[in-house]
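Let's take a walk through this fold, one piece of secondary structure at a time. Have the model open alongside the text.

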Amino acid sequence: MARTPNYNVQETEQGRTAVLTGDWIATSIVNQDSDLISLLTGSSDVTLDIRGIGRCDTAGAWAILKAAAARTTGQPILARPETSRLLELVDNAVKADPTPH
């Protein structure tokens, strides 16, 4: 069974960090992605920490990338290597030219 995707914002000496948990997959993301985007829109000091998420599919990766893009600065996304690679693949796919038919 999927764990509900969630996030909370923590204050540290380095600034604010949005810590994501749960499974960020298509079948479990309901409003979490739009809520996270609303929280991060225009923010300049929020780091995303996704090291605590469980499963993540391309829909979850896309939601995380959209949330990261809502920030005004390029704070890093803290991720495990496999999740970082998925984010990279989804980001490249979104930016790629369409395949001609």
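What follows is a look at the sheet, then at the helices.

Keep in mind that this is a predicted model.

**The sheet**

Start with the overall layout: 4 strands make up an open sheet, ordered β1-β2-β3-β4, with mixed pairing. At its edges sit β1 and β4 (77–78), each with a single partner strand, so each has one side left without a neighbour in the sheet. As a reminder, strands of a sheet pair through backbone hydrogen bonds, and they do so either parallel or antiparallel. Here is how the pairs line up:

| Strand pair | Sense | Bridges |
|---|---|---|
| β1 (residues 6–12) and β2 | antiparallel | 7 bridges |
| β2 and β3 (residues 46–56) | parallel | 7 bridges |
| β3 and β4 | parallel | 2 bridges |

Moving across to the next pair, Trp24 has Cys56 in β3 as its bridge partner.

Is strand β2 (residues 15–24) largely enclosed by the rest of the structure, or left open? Of its 10 residues, 8 are buried, so β2 is largely enclosed. Buried here means under 20% relative accessible area.

**The helices**

Now for what lies against the sheet. Helix α2 packs on it and touches β2, β3 and β4. The direction of α2 makes about 175° with that of β3.

Helix α2 (residues 58–69) also packs with helix α1 (residues 32–40), at an angle of about 15° and with the axes 8 Å apart. That angle makes α1 roughly parallel to α2, because angles under 35 degrees count as roughly parallel. As for handedness, α1 and α2 cross in the right-handed sense.

Which residues do the touching between α1 and α2? From α1 come Asp33, Leu36, Ile37 and Leu40, and they meet Ala63, Lys66 and Ala67 of α2. Sorted by class, this contact between α1 and α2 has 5 nonpolar residues, 2 charged ones and no polar ones.

**Putting it together**

To recap, the open sheet runs β1-β2-β3-β4, β2 is largely enclosed by the rest of the structure, and α2 packs both on the sheet and with α1.

Definitions and conventions: Residues numbered from 1 in each chain as written. Predicted model: local features only at pLDDT ≥ 70, side-chain atom pairs only at ≥ 80, totals over all residues. Heavy atoms only, no water. Axes fitted to C-alpha atoms, helices over the stretch in contact; angles between N-to-C directions. Parallel < 35°, antiparallel > 145°, perpendicular 65-115°, else oblique. Left-handed = near helix turned anticlockwise from the far one by under 90°. Contact = heavy atoms within 4.5 Å. Nonpolar A, V, L, I, M, F, W, Y, C, P; charged D, E, K, R; others polar. Buried < 20%, exposed > 50% of the residue type's maximum accessible area, 1.4 Å probe, protein only. Pairing = 2+ DSSP bridges.
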